[in-house]
Amino acid sequence: MKEPKHPASGFETYFATPGAGKATVGFKKNAVIYSQGDPAESIFYVQKGRAKLHVVSEHGKEAVVAIMEAGQFFGEGCLNGDTARVATAISLGDSSIVSISKDAMREALKNEPSFAQLFVTYLLTRNSRVEEDLIDQLFNSSERRLARLLLLLAHFGKEGVPQPIDIELSQETLAEMIGTTRSRVSFFMNKFRKLGFISYNGKIHVHMSLLNAVLHDKPALRTDDPVS
């Protein structure tokens with residue numbers, strides 16, 4: 001399992017330079033950055049903190065489709081002609097978010113080749129992650145999907161040492177992200193703890209044993225229903 005890298009330092013150089021169409025805004029926990037259906041006139045870059053993207057279908061079904069971390073963009077659909085937001089973006093804690101108008105972003109992509117290259121690389125990496133998520137959703141059990149999500153949130157696969165999951169994610173949110181019920185998430189989390197895959201100490205600590213179980217397809221993560 002490999003978490004996509006992003007060239008955050010290169011982006012920070014661009015965002016540290018004052019310019020028209022760029023603004024840094026601080027958001028408190030659970031603050032709405034934009035709502036589903038709002039006009040899409042800018043994209044956003046996470047300098048600090050995290051944000052979640054939440055979608056409600058026409059029939060009222062809800063889902064958390066992504067957790068955006070420092071060094072990542074969201075809302076970039078406006079560059080491709082989207083006129084309205086397809087999701088609601090909510091800050092998961094105290095966050096520092098840069099807003100860039102789509103005109104300013106297009107200008108940067110046109111006139112700053114190094115920045116444009118970084119952004120294209122970021123989008124390609126993001127696309128690979130989306131494909132991996134789709135494959136995970138289609139072919140893996142909900143138990144394995146939860147295991148993979150916990151590993152990603154703990155930054156397994158990135159350079160450096162995995163960190164505790166330092167954001168509060170309810171079991172309902174975890175269930176929405178992997179497409180199952182809260183009761184199944186509760187069952188799996190208790191199972192993971194008993195097996196020594198995770199531990200709790202104010203925060204969720206994910207251990208290397210969970211990564212080994214996923215990579216080596218251990219029986220502990222197998223269920224009879226691959227789409228449960």
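Predicted model: local features only at pLDDT ≥ 70, side-chain atom pairs only at ≥ 80, totals over all residues.
Which residues form a nonpolar patch on the surface? Residues are numbered from 1 along each chain as its sequence is written, and side-chain values use heavy atoms, with hydrogens and water left out.

**View 1. A nonpolar patch on the surface is formed by Leu134, Ile135, Leu138 and Phe139.** Together these residues have about 440 Å² of accessible area (Shrake-Rupley method, 1.4 Å probe, only the protein chains shown counting as cover for residues). Patch residues have over 30% relative accessible area and no salt bridge, with nonpolar side chains (Val, Leu, Ile, Met, Phe, Trp, Tyr) joined within 5 Å and like charges within 9 Å. Ile135 is found in helix α3, residues 113–139 (helices are DSSP runs of H or I with at least four residues, strands runs of E with at least two, numbered from the N terminus).

**View 2. Glu69 and Arg50 meet through their side chains in a salt bridge, at 3.1 Å from N to O.** Glu69 lies in the loop between β5 (62–68) and β6 (73–74) and Arg50 in the loop between β3 (42–48) and β4 (51–56), so the pair ties together parts 19 residues apart in sequence. A salt bridge is a side-chain nitrogen of Lys or Arg within 4 Å of a carboxyl oxygen of Asp or Glu, and a search of the whole structure finds eight.
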